[in-house]
Amino acid sequence: MGATGHAHKLYRHGHSPVHRLPPHCKLAAVFCFVLVVVSTPREAMWAFGLYAALLAAVAAVARIPPGFLLKRLVIEVPFVAFALLMPFVVPGEQTEVLGVSVSVPGLWGAWNVLAKATLGVAASVLLASTTELRAVLLGLQRLRLPPLLVQIASFMIRYGDVITDEMRRMSIARRSRGFEARGVRQWRVLATSMGALFIRSYERGERVHLAMVSRGYAGTMPVIDEVTATRAQWAYAAALPVLALTVCLLGWTL
């Protein structure tokens, strides 16, 4: 499950206890953690601080540098932009912040989105940083996700690089013929290229499917690596969501 997997940009190679956990344990733990975070009342601000501390502890155990994690949180920018607009567009009681009139419900909504989205994205980044893509697919398969969805995700991962390389070659071919996309007039050429790319991808998909059928494919992929987990590994993975659930219950009661 280690070096033979399909590496990706988010993955950081390591041999920490978090890296060694079976993928389905980590997937279940992150999913439950995110559910707990979403269920936490927004007024319990201290609870979100404890959630962040739990994730920081996981990152420390996994030996993931803070800078590595923070750089990959940039994907959250659309949520941040949406949250920053909420105090100005959500109707309700008004208050002043730094001399600017903003909505109180909008401020709470912005905090709710920012806090929960940031924690969810951070948990997902930690999962991706410690789990190879191939292992994630095996974990999803182990968690009884519909086989067809797992196969679609598998082919997207395996042939995404192939399609990207095809796009790169087509771009080089256009530039070698003096083409430069400077305005609307060049959109027709780009649209034609995208159409050609779609046709080539479709034809490649048909060839791959025929090759699979000729080798006995009948709708399900054979399981080559049987990933199992011990009770100790499940208990280790459950520590994060169980501690988070304790914080959540305190947030509702205090």
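Okay, one definition before we start: a salt bridge here is a side-chain nitrogen of Lys or Arg within 4 Å of a carboxyl oxygen of Asp or Glu. Keep in mind that this is a predicted model. Searching the whole structure turns up 6 salt bridges.

Let's take Glu166 first. How far apart are the closest N and O atoms of Arg169 and Glu166? They're 2.5 Å apart, and the two residues form a salt bridge. Glu166 is buried, at 8% relative accessible area, while Arg169 is partly exposed at 40%.

Glu166 also meets Arg200 in a salt bridge, at 2.6 Å from N to O. That pair links distant parts of the chain, 34 residues apart: Glu166 is in helix α8 and Arg200 in helix α9, residues 187-214. Arg200 is partly exposed, at 39%. And there's a whole network here: salt bridges with shared partners join Asp165, Glu166, Arg168, Arg169, Arg200 and Arg204.

Elsewhere, Arg42 and Glu43 pair up through their side chains, 3.4 Å from N to O. Arg42 is partly exposed at 30%, and so is Glu43, at 48%.

Now for Lys26, in helix α2, residues 23-39. Why does Lys26 have no salt bridge? Because a salt bridge needs the atoms within 4 Å, and the nearest side chain of opposite charge, Glu132, is 9.4 Å away. Leaving out residues up to four places away in sequence, Lys26 touches Val18, His19, Leu21, Leu127, Thr130 and Thr131.

Notes: Residues are numbered from 1 along each chain as its sequence is written. This is a predicted model: local features need pLDDT of at least 70, side-chain atom pairs count only at pLDDT 80 or more; totals for chains, interfaces and linings use all residues. Side-chain values use heavy atoms; hydrogens and water are left out. Helices (H or I, at least four residues) and strands (E, at least two) are DSSP runs, numbered from the N terminus. Buried means under 20% relative accessible area, exposed over 50%, partly exposed in between (1.4 Å probe, protein chains only). Lys and Arg count as positive and Asp and Glu as negative; His and the chain ends are not counted. Contact means heavy atoms within 4.5 Å.
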